[in-house]
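Thank you all for coming; I would like to walk you slowly through one structure today, starting with what lies inside and ending with the chain as a whole. Please keep the picture in view while I talk.

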Amino acid sequence: MPAIFGDNMVLQRNSEVAIYGSAKPKERVSVQVTWDKESYRTRADENGKWRIDIKTGDASTGEWVKVTAGESLEFKNVCLGEVWICSGQSNMARLLRGRGNGPIENGFSVIKDANRPDIRLYTLPPVSEPIPQADNPSEWLVSDHETAAAFSAVGYVFGKELNDYLGVPIGLILNAWGGSSVEAWISKGKLQMMGITEQNNYYLGRSADRSVKTNPQHEPAALFNGMLHPLIPFTVKGVIWYQGEANTVDAASYAQLLGGMIADWRASWGIQKLPFYIVQLAPYTYPTGRDNSALVREAQVQVSEADPYVSTAVILDLGLEKDIHPPFKIPVGERLAVLALANTYGIKGFPKGSPVYQSMQVEKSQVRLRFNYDGGGLFVKGDEINGLEVAGSDRVFHPATGNATGQGDLLVSSEAVVAPVAVRYGFTDWVQGNLFSINGFPVSSFRTDDWDQ
């Protein structure tokens, strides 16, 4: 059986979980579990593959699974709880203990509270492969000071918050690789279905041109093959995703790619409403100087606005101008958890997302902006809104001021623009976002125009 089945694993509660593996062709396979008196049986197919879907009940610990096909495998200390995938590139992979270029801010406050036997951690090694792999061996670890410190900071805080609020076991599966492109996480078949070829895609073009060396984490479909396929169809509740920095080189295609990847993963699992919670890119001064990361942030919001089972955790206030790996990972995990609790678990009173720009109305020399959010109004941390700009018909942007109204709108104006046509907020690589809803969620960067930058 794949290594994702092992001692200390978490199986999705109140579900039908896939138990699967390989045996001799046509061999009888049986599965016994401690939470159910029923004995499950099947036969392997002509290729030796088999699968049994088993009902799980409410959250529990100390369970046991026995699989028999000629000989037996026994998995002990199993939990029934909530299982989430934590995927993306280096900001998801960044460990709670920090790395050589810096710690996680307040990371030790999480580590010292990490002796939590009902949180289980599984980390896939970075593997890039040309064809889909059946396995990528690792092991389930019980959360303690040491194992939590060596796990994703964002992922662990997300799981800890779910564990605190839901009071059930949490299984976290980390499959992230620093610098990886979104193309690497999409199956070859899906890329072909999307019509993405060497001619219209940056990383496909580079991988096709063998005179240009491509990093293994950029190879289209390579991480899907090596790091995602080994998990399919292990039953999960949802996905948290922190990626996009690598795709600022070709930001215009990111919305299509991200939406395609989400559809690809859902089809692979056969879960059409599989929740995805995306971390929006943090502001940072990219070397290209083209403000492409603003386009990626825009694409991330577009994907989440178009899909009721996708939400974006905005972190426009949590960047560093000269560091693509900001240390502020604890609030990122917390915001993801709030989104999941509100949207997936239906917790009332939690915000379902950040304010997102919806429409504008020109009122003489000022612009009224309206947003889609849970209400409660907007507020500014500081005297002026950072990165707010207005342009007239000449398409030249000038610094602007904004005032929140009692209706939750934003009135924007600039002395340099008598007849405003367009407004942008934080639509640059670097900005210190300081516009929030009163529940503390930052407003996403946005633009009211669709002009070429």
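Let me begin with a definition: a residue is called buried if its relative accessible area is under 20%, exposed if it is over 50%, and partly exposed in between, using a 1.4 Å probe and protein chains only. What you see is a predicted model, in which local features need pLDDT of at least 70 and side-chain atom pairs count only at pLDDT 80 or more, while totals for chains, interfaces and linings use all residues. Residues are numbered from 1 along each chain as its sequence is written, and side-chain values use heavy atoms, with hydrogens and water left out.

With that in hand, buried residues make up 57% of the 453 residues in the protein chain.

Now to the aromatic rings. Rings of Phe, Tyr and Trp (its six-membered ring) form a pair if their centres lie within 6.5 Å, and the pair is stacked if the planes are under 30 degrees apart, edge-to-face if over 60, and tilted otherwise. The whole structure holds 19 such pairs. One of them joins tryptophan 140 and phenylalanine 234, whose ring centres are 6.5 Å apart and whose planes stand at 40°, so this pair is tilted. Helices (H or I, at least four residues) and strands (E, at least two) are DSSP runs numbered from the N terminus. Since tryptophan 140 lies in strand S9 (residues 140-143) and phenylalanine 234 in the loop between H7 and strand S11 (238-242), the pair ties together parts that are 94 residues apart in sequence. Tryptophan 140 and phenylalanine 234 are both buried.

Which way do the rings of tryptophan 241 and tryptophan 265 meet, stacked or edge-to-face? Their centres are 5.8 Å apart and their planes stand at 85°, so the pair is edge-to-face. It links distant parts of the chain, with tryptophan 241 in strand S11 and tryptophan 265 in helix H8 (residues 254-269), 24 residues apart. Tryptophan 241 counts as buried at 0% relative accessibility, and tryptophan 265 is buried with a relative accessible area of 0%.

Going back to Trp140 and Phe234, these two belong to one aromatic cluster together with Phe5, Tyr20 and Tyr122.

On a 1 Å grid over the protein atoms alone, a cavity is a set of points where a 1.4 Å probe fits but cannot get out, whereas a pocket is an open set with protein on both sides within 12 Å along at least five of seven lines, and lining residues have an atom within 4 Å of a point. Grid points are joined across faces, edges and corners, and a volume is the space filled by probe spheres set on the points. The count comes to one cavity of 30 Å³ or more, and about 40 Å³ of space lies in the largest cavity. Among the residues that line the largest cavity are Asn91, Tyr242 and Glu245.

The largest pocket holds about 410 Å³ of space. Of its 19 lining residues, Lys188, Leu191, Leu204, Pro220 and Ala221 lie nearest its centre. Helix H5 (188-193), helix H6 (202-208) and helix H7 (222-228) each supply at least two residues of that lining, with the largest share, three residues, coming from H5.

Finally, the whole chain. The protein chain has 10 helices and 23 strands, and its C-alpha trace spans about 80 × 50 × 40 Å along its principal axes.
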